[in-house]
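Dear colleague,

Please find below the structure that I am handing over to you, followed by an account of what was found in it.

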Amino acid sequence: MSDPWSSIEIPASTAANARRADMEHPHDFFWALDTEGHCLFVLEYPKEISISDKKPHLNGIKVIDYASSESSRKKLILSLRQNEHREVFYRLCTDVLEATQNCIDSTSALHVMLRRTWRWHQLLRGERDGRLSPEAQKGLIGEIDCLASIALVHFNPSEALSFWEGPSGSPKDFVIGKTCVEVKARLGSAQPFISITSEHQLDLGRFNDLFLYVLDLSPAARSDEGSFTLNDYVDRTWNLIHSRDPRSVEIFEEKLLALGYQSEDDYSDQYWIRLDSHVYQVHEKFPCIIDSSLPPSVTHVSYRIDLGSIRDYKIELSRLEDRIIGKGSDR
């Protein structure tokens, strides 16, 4: 059936009219219409289960976690807000149905549903702008480098990928308990500074520790020893994750997709060399602009930090590693 919502009446007063999506499916999925005629795709699950996964923000689709005090069941709802995307929305829903067919419990089904929705994020937000720019490539290489060089060294792939929050729009690239890491990639000595793109990036807020992981890169020729493309760097990390936990590869791919990377894009015209990495610890005396220091009417602040001016905050990588695995002091 190419449009399961066509046989459902718009409810006059109740929250939604629904019918089961697949009578043989092991989980409780429903096609539904709300009082405004919006197409819904619903997963009902036990109330004691909580969702820890971040919910994607899609163009034309709302992701709603709904609970009622009158019911022992909760609902994860995908609500289509733009009817012109109805066909694509249907394809997303059937993809979720197929992907959750073998999930052993509702918790697994919820995780898969959200991961599949992340995978469709790029498609549902509209046409892509094309390949990532050199600046965006540099930023993605920086985050992947931090993932591979630190998170995947100390944690299993599933844990390491759950800490990588940059693709979901978080102001912090990695959040590990009460410790967070902001990643910056720069063109070696040609850029003696790093760019901070908001007043939230270096704001400690609720965290105990905040570190800057700065990766130095240099444009290179294909013939240069140690040179690589973005595709090479992604493939290398994909293989590392796959060798340790093949199931986590899907999560890695979804995070890449959320950042605009698609494996079919060719980046062979841009080679890079990894030069070095540096770690800085951010605390109350660190020179930065944070939200609490600004007037209420001033937002979306961008600025640069001269790396020469923060030499006193530079630390060994081992101190960052000690913090994320629960060792060491705050300074």
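Please note that this is a predicted model. I begin with an aromatic cluster, which is formed by Trp5, Phe29, Trp31, Phe41, Phe89 and Tyr90. The count of aromatic pairs comes to twelve. One of them is the pair of Phe29 and Phe41, which is stacked, with 5.2 Å from centre to centre and 10° between the planes. Because Phe29 belongs to strand β2 and Phe41 to strand β3, this pair ties together parts that are twelve residues apart in sequence. Phe29 is buried at 1% relative accessibility, and Phe41 is buried at 0%.

A further pair consists of Trp164 and Phe252: the ring centres are 6.3 Å apart and the planes stand at 35°, so the pair is tilted. Trp164 is in the loop between α5 and β6, whereas Phe252 is in helix α7, so parts that are 88 residues apart in sequence are tied together. Trp164 has a relative accessibility of 0% and counts as buried; Phe252 likewise counts as buried at 0%.

Strands β2 and β3 belong to an open sheet of five strands with antiparallel pairing, in the order β1-β2-β3-β5-β4. Its edge strands, β1 (16-20) and β4 (61-67), each pair on one side only. On average, neighbouring strands of the sheet are turned by 25° against each other, direction ignored. Strands β3 and β5 run antiparallel and are joined by seven bridges; Glu44 has Lys75 in β5 as its bridge partner. Helix α1 (residues 86-99) packs on the sheet, where it touches β2, β3, β4 and β5, and its direction makes about 25° with that of β3.

Thr100 is located in the loop between α1 and α2. With a relative accessible area of 0%, Thr100 is buried. The Thr100 side chain makes a polar contact with the side chain of His25 at 3.1 Å and reaches the backbone oxygen of Val96 at 2.8 Å. Leaving aside residues up to four places away in sequence, the residues that Thr100 touches include Phe29, Ala109 and Met113.

Finally, I turn to the nonpolar cores. The largest has 39 residues, and Leu147 and Trp164 have the most contacts inside it. Helix α4 (residues 134-154) provides the largest share of this core, eight residues. Beyond four places in sequence, Leu147 touches Trp164 and Phe252, among others. A second, separate core has 31 residues, among them Ile49, Ile61, Val96 and Trp120.

Yours sincerely

Methods. Residues numbered from 1 in each chain as written. Predicted model: local features only at pLDDT ≥ 70, side-chain atom pairs only at ≥ 80, totals over all residues. Heavy atoms only, no water. Pairing = 2+ DSSP bridges. Helix = DSSP H or I, 4+ residues; strand = E, 2+ residues; numbered from the N terminus. Axes fitted to C-alpha atoms, helices over the stretch in contact; angles between N-to-C directions. Contact = heavy atoms within 4.5 Å. Buried < 20%, exposed > 50% of the residue type's maximum accessible area, 1.4 Å probe, protein only. Polar contact = N/O pair within 3.5 Å; in protein donor to acceptor, adjacent residues only side chain to side chain. Core = buried A, V, L, I, M, F, W, Y, C linked by side-chain atoms within 4.5 Å. Phe/Tyr/Trp six-rings, centres within 6.5 Å; stacked < 30°, edge-to-face > 60°.
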